[in-house]
Amino acid sequence: MQTKQPGFTLIELIITLAIAAILMSVAVPNYRIFVLNNRMATQANDFITAIGLARSEAIKRGTRVSICKSADSTNCTTSGNWAQGWIVFTDTGTVGAIGGTDEILQVHGPLDGGSSFIGNTTAINNNIAYGPSGYGALAGTVKLCPPSPAAVEGRDIVISNTGRAHVLKPPATACP
């Protein structure tokens with residue numbers, strides 16, 4: 001007497017692969033949007049964290065603490081945008097420039113994924129400074145935009161007159 005060997009027939013295998021292909025064609029685009037949304041949220045949160053650190057360190061140390069954009073993780077720059085990275089440092093000399101007695105508190109490298117990150121004023125576009133009271137020098141917005149074509153919404157990081165920051169989603173104006 002012969003016993004049957006369990007297994008799949010060719011027809012069953014082809015049907016299973018067809019169903020898997022249909023499910024993947026629906027899931028992959030949604031997964032891409034999920035990843036882009038998470039990237040935007042993470043990048044906005046990283047910047048909010050740097051702002052919070054600068055503000056709290058300014059209060060704790062009783063001195064000015066600044067955040068400036070930096071392409072090389074050691075010096076401040078006025079070219080480019082915040083997506084190239086930033087530095088949080090004690091700013092005892094010239095505002096927005098790392099000097100001899102300044103201490104670097106945090107360095108953040110460039111943002112992944114081709115995002116752009118631009119301030120809405122010249123001052124906010126180059127550096128953000130907090131005094132010993134925790135108040136910022138000025139209020140403004142830094143706009144975080146995904147790479148074009150934008151499949152997800154950008155974010156606005158709004159810095160108030162008191163120095164506190166929060167994220168607006170969707171942003172006040174659409175990303176270009």
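**Reading a predicted model: hairpin, sheet, core and salt bridges**

Colleague: What marks G163 in the hairpin of β7 and β8?

Modeller: In this predicted model, the hairpin has five residues between the strands β7 and β8, and G163 takes a positive phi near 100°.

Colleague: With which strand does β6 pair, and over how many bridges?

Modeller: β6 pairs with β7 over five bridges, in the antiparallel sense. Within that pairing, G140 stands opposite I159 in β7.

Colleague: What makes β7 a mostly covered strand?

Modeller: A residue is called buried when its relative accessible area is under 20%. In β7, five of its five residues are buried. In a regular strand, side chains alternate between the two faces of the sheet. In β7, R155, I157 and I159 lie on one side, D156 and V158 on the other, and all are buried, so both faces are covered.

Colleague: What is the order of the strands in the four-stranded open sheet?

Modeller: The order is β3-β2-β1-β5, and the pairing is antiparallel.

Colleague: Why are β3 and β5 (127-130) called edge strands?

Modeller: Each of β3 and β5 pairs on one side only, and that is what the name expresses. Neighbouring strands of this sheet are turned by 10° against each other on average, with direction ignored.

Colleague: How many bridges join β1 to β2?

Modeller: Five bridges join β1 to β2, and these strands run antiparallel.

Colleague: How do you know that the length of α1 is close to what is expected?

Modeller: Helix α1 has 52 residues, for which 76 Å would be expected at 1.5 Å a residue. The model gives 72 Å from the first C-alpha to the last, which is close to that value. Just after α1, G62 takes a positive phi of about 70°.

Colleague: Which residues of α1 are buried?

Modeller: Among them are L36, M40, F47, I51 and E57.

Colleague: Which residues have the most contacts inside the largest nonpolar core?

Modeller: They are F47, I67, W82, W86, F117 and I128, in a core of 24 residues. The elements that give two or more residues to this core are α1, β1, β2, β5, β6 (140-145) and β7 (155-159). The largest share, eight residues, comes from α1. In soluble globular proteins, nonpolar side chains tend to be buried together. Leaving aside residues up to four places away in sequence, W82 touches, among others, F47, I67, F117, I128 and V142.

Colleague: Why is the pair R61 and E57 called a salt bridge?

Modeller: A salt bridge requires a side-chain nitrogen of Lys or Arg within 4 Å of a carboxyl oxygen of Asp or Glu. For R61 and E57 the N to O distance is 2.6 Å, so the pair qualifies. The two residues are four residues apart in helix α1 (residues 10-61), about one helical turn. At 11% relative accessibility E57 counts as buried, whereas R61, at 35%, is partly exposed.

Colleague: What links E103 to R61?

Modeller: Their side chains meet in a salt bridge of 3.0 Å, N to O. This pair links distant parts of the chain, 42 residues apart: E103 is in the loop between β2 (86-90) and β3 (104-108), and R61 is in helix α1. At 40% relative accessibility, E103 is partly exposed. E57, K60, R61 and E103 are linked in a network of salt bridges.

Colleague: How do you know that R64 and D91 also form a salt bridge?

Modeller: Their closest N and O atoms are 3.7 Å apart, and the limit is 4 Å, so the pair is counted. R64 lies in the loop between α1 and β1 (65-69) and D91 in the loop between β2 and β3, so the bridge ties together parts that are 27 residues apart in sequence. D91 is buried at 1% relative accessibility, while R64 is partly exposed at 24%. By this rule the count comes to five salt bridges.

Notes: Residues are numbered from 1 along each chain as its sequence is written. This is a predicted model: local features need pLDDT of at least 70, side-chain atom pairs count only at pLDDT 80 or more; totals for chains, interfaces and linings use all residues. Side-chain values use heavy atoms; hydrogens and water are left out. Buried means under 20% relative accessible area, exposed over 50%, partly exposed in between (1.4 Å probe, protein chains only). The expected span of a helix is 1.5 Å times one less than its number of residues. Two strands pair if DSSP finds at least two bridges between them. Axes are lines fitted to C-alpha atoms, for helices over the stretch in contact, and angles run from 0 to 180 degrees between N-to-C directions. A nonpolar core is a set of buried Ala, Val, Leu, Ile, Met, Phe, Trp, Tyr and Cys residues joined through side-chain atoms within 4.5 Å. Contact means heavy atoms within 4.5 Å.
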